Amino acid sequence: MSMKLDKQFTAALNDATSSEYKNLKLNIESVLNEQYKVITGFIGVSVNGFREGSIITDFVVQTTQVKPTEMAKVNQKIPDAMKSIAAVIGSITADYNSQTPISIPQITYTGTSMTLTCGPPEINVGQINGSEWTLNRGEITESARIKVNTSGMVSMLTVDNVILADTGIYECTLISEVINFTQKGDTTNKIQQAPIIQLQSIVNVYCNGTEGQKQPLECCVQSPYTVTWFSSTNAPLVSKSEKNCITYDYVLGSCSGGQQINFVCKVDNPKDYNKTTVIKIFTQVPTCVDTHYGSGRVGDISRIGCDVGQDGSRTAVCQQTGWTLLQDTCIVTAINNLLIFSTNLKEAQVPDFVANLSSTVQNVKDKIATSSATISAIVDILNNIANVSIGVVTARVMENVLETVDVVIGSESRQSWTFLNENRTSNASSALLGSMETLSERLVGEIVLETPRILLKRNTTFNNSFTVNLNNSISIDVPKINSNVSFTTITFSTLNNVMPTRNSSFNTTSNYTVTDNAINAAVVLVKTNAVVQNVTLSFNKLNSSLLLNPQCVFWNFKLFNQSGVWDDEGCTFVSDVNNTVTCSCNHLTSFSILMATDIPPDLREALDIITYIGVGISLASLVICLIIEGYVWKEMTRNSTSFMRHVSIVNTALSLLIADICFIIGASIAKNPLENPVPVGPCSTATFFMHFFYLALFFWMLVSGLLLFYRTVMVFSHMSKSTMLAIGFLLGYGCPLIIAVITVAVTAPGNGYIKADNACWLNWIQTRALLALVIPALTIIFINIIIVIVVLFKMLRRGVGDATQRNEKQTLVVIVRCLAILTPLFGLTWALGVGTIISSTDKGIHIAFAFFNSLQGFFILVFGTLFDSKIRSILSRKLPTASTGSNTTRSTSGGISSLPGLNWINQMRGRRYMYRVSEAANSSSTGASESFVNI
């Protein structure tokens, strides 16, 4: 029991050996013994000690029997009896500490409900008016997860969705008018992490008709649990076991489409945990094939488990372009536990909680970036922290918050944020920025905090104006301010990865993330306790190549159905000079700048039309080129020089043909409105093959150049056809493969191999991966130009290669002509490509690049094949004519003129040719004789 005396507490009362302590104890015990001796079964009263708060006296009344009515009457008389010592403040509080513990379930698994029962008291404590519960001495309040039900002499605490943080010492007090009844209970070792079963719940299986075809089914669970596969008839299945996983090989019987077979993976102990796998068998050739989601037809759904340490699932749908993620509920288990705990967070718990949050996030940061559900959970946690932090937020708390936010706003989490921003029912990015604004308003004092991606400054000392330079990326100037003003700025250098680019004019019926704008500066949050009507902000551009339509904007939380948009109300664009955009605003909040994306919006449709028409012409030209080369191959490859020249042309055409096909595939992936950002797997594959075959195109041009150099300059050396062929393929495909593989190895681990959106192509902004194509291409073009100059000089000097044979001489002339035309054309094409990067909004450069780039196949057909007079001669000679007999000797004059479809090439070249061909028909032993005159 205890009572509060209206008397000054002194340090001596903490010392049981002091005379003051002994005298006060003796006097109080004398009064209390006199009062309580009238109760039934009275033994005695003893004072246990004194506490500060005036003087709180703790004492014990020993009795063999407790009668509440007697106890209540005596307690009412105590204040009058104690007047000789000190006045009693309030009423006498009597507590009975039961030796019987709270009733606790033997084992409770996380995610389930736990009910603790307090009472009934083993003594008569009178009528119970309510109850109080604590966990580890912290008060428990009711919430959506925690309910308290007090009825009669019992109080029941029910905790839903139990987490490991619910472990600890529980204390329950049943409050009575006379005696409070208290019980304690310990849940240590009574709350355990539930089994987390990981499996693919929907498995699409392509039955290929192979006898004994097997489909492995894997089921995993964390230690110390074990699992077993069961059939749909609940019969256990023999499975292979490895670590915490088991695998059952299901043998497909006869292939009949539309079959669905269920298998259940059950935890051996406890028995109530299981998951079902549904196998869907089909016989059509699958459209989608993936190591994670398996095979599938268009429209098929696949659902897979999460990584170790996560709970939930990932659901994808098969589309023409591959598997597309529909839903991702995979959440890191440790973060999920913190989210559940934060729903009942108290302000006093915030410092320890945010420290735990920061530590946990740092430990699992590798898993967070690719888990949109985990990022969303962290945002919800930060919102809960901001909502309960109604008092002062300390620098230490804010530091832990910034360390947490820093992890989720990196470039590696860009794809997860895009997925979240596409969700019309969620506004995670806006909520993150809102929680940061709320917390920043509650800081006090001068503070400077910095993480790799965030800088926070709070300033309270000024000289009539506020001017600050933030990491040399943003400067702020506020003139004419009064004293007693504070400014808090938080600079997020990578929040462009987080925030959507929609503005106030954005179409609300369209995709939430597809816009023509880009956030082209760091985002700065500015808060002050004063009214500011004039602030100047200067932003350094993140991408200096963006020049079009700069907009000074702030994040308006209220627009777009409360999801937020970038709004320019109250902000005016001032200038764009030397990659610095200056803005003027009449209010403070979270600011940045929006700019038009690389390709001007009004050009996109025109460029698409030019590109697709050009690529179509290019593909048709390349197919014709390969057909012609196959048609004339035997007659055109009779010497090693001509052989290698046509090997180069065939592989150049083949490389460009495959690259153009990959381009079409990549474009179809990127243009899919349901896949933004572009899916990394399919898009990376298309990009790799485009990169490889575009490089092969240039390296085979290099082979042609080196062949020309070798046969013209090194006229007395001899190399066998097989050696030349080996060197050609080594250069033509070996070097491109090495470059393409190194590019992937260097840039892919940091998600910097491909562009993040709009196109399946090599990344430029983050990693400059595009240089792995541009540098080799331009280098080869430069080398070939030098070779052409050297060869022309040599040929003019010594009479067009006197030492070469007649046929090789003509071949060398053809190669010179081919390189002299194609090299500048391709050089111009990729020079324009570099120009689109440097000057991204120049309409002329974009149109010229689209035109020349899409017609490369046509150039190869015309200048690489049809400009060869000998090929044209063979084509015209082999074309069927109406005047053919069984034994005819034919003389042709004018040659190419007899082929109307190719006559325009003669006219364009301004030359006449004469062919005299003598041919003995129906003779297998006599070859043809041919003379060639170039007039």
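Analyst: Happy to! One term first: a salt bridge is a side-chain nitrogen of Lys or Arg within 4 Å of a carboxyl oxygen of Asp or Glu. Arg297 and Asp300 form one, with their closest N and O atoms 3.1 Å apart. Please keep in mind that this is a predicted model.

User: Are Arg297 and Asp300 buried or exposed, or something in between?
Analyst: They fall into two classes. Arg297 is partly exposed, with a relative accessible area of 26%, while Asp300 counts as buried at 11%.

User: How many salt bridges turn up in the whole structure?
Analyst: A search of the whole structure gives 15 salt bridges. One of them joins Glu34 to Lys37, where the closest N and O atoms are 2.9 Å apart. Glu34 is partly exposed at 45% relative accessibility, and Lys37 is partly exposed too, at 46%.

User: New topic. How many residues are in the largest nonpolar core?
Analyst: The largest nonpolar core has 56 residues. Those with the most contacts inside it are Ile385, Met398, Val405, Ile409, Trp417, Met436 and Phe492. Helix α6 (residues 372-388) supplies the largest share of this core, 9 residues. Apart from it there is another core, of 54 residues, including Phe643, Cys662, Tyr694 and Val774.

User: Let's zoom in on Ile409. What does Ile409 touch?
Analyst: Leaving out residues up to four places away in sequence, Ile409 touches Trp417, Leu432, Arg453, Ile454, Phe492, Thr494, Leu495, Asn497 and Val498.

User: Now helices, please. How do α4 and α7 cross?
Analyst: Helix α4 (residues 350-363) and helix α7 (residues 395-408) have axes that come within 9 Å and cross at roughly 25 degrees. That makes α4 roughly parallel to α7. The crossing is left-handed.

User: Which residues meet there?
Analyst: From α4 there are Val350, Pro351, Val354, Ala355, Leu357, Ser358, Val361 and Gln362. They meet Val397, Asn400, Val401, Glu403, Thr404 and Val407 in α7.

User: Tell me about Thr404, then. Buried or exposed?
Analyst: Buried: Thr404 has 1% relative accessibility. Setting aside residues up to four places away in sequence, Thr404 touches Leu357, Ser358, Val361 and Ile378.

User: And how do α11 and α13 cross?
Analyst: The axes of α11 and helix α13 (residues 721-747) come within 10 Å and cross at roughly 25 degrees. These two helices are therefore roughly parallel to each other. Here α11 passes α13 in a right-handed crossing. Among the residues that meet are Phe643, Met644 and Val647 in α11, with Met724, Leu725 and Phe729 among those in α13.

User: Where does Ala659 lie, and what is Ala659 in contact with?
Analyst: Ala659 lies in helix α11 (residues 640-670) and is buried, with a relative accessible area of 0%. Beyond neighbours within four places in sequence, Ala659 is in contact with Met690, Phe693 and Tyr694. The C-alpha atoms of Ala659 and Leu697 are separated by 9.0 Å, with the two residues 38 residues apart along the chain.

User: Last one: what about Asn517 and Leu594?
Analyst: Asn517 and Leu594 are 77 residues apart along the chain, and their C-alpha atoms are separated by 6.0 Å. Asn517 is in strand β34 (residues 517-519) and is buried, with a relative accessible area of 13%.

Methods
Residues numbered from 1 in each chain as written. Predicted model: local features only at pLDDT ≥ 70, side-chain atom pairs only at ≥ 80, totals over all residues. Heavy atoms only, no water. Core = buried A, V, L, I, M, F, W, Y, C linked by side-chain atoms within 4.5 Å. Buried < 20%, exposed > 50% of the residue type's maximum accessible area, 1.4 Å probe, protein only. Helix = DSSP H or I, 4+ residues; strand = E, 2+ residues; numbered from the N terminus. Contact = heavy atoms within 4.5 Å. Axes fitted to C-alpha atoms, helices over the stretch in contact; angles between N-to-C directions. Parallel < 35°, antiparallel > 145°, perpendicular 65-115°, else oblique. Left-handed = near helix turned anticlockwise from the far one by under 90°.
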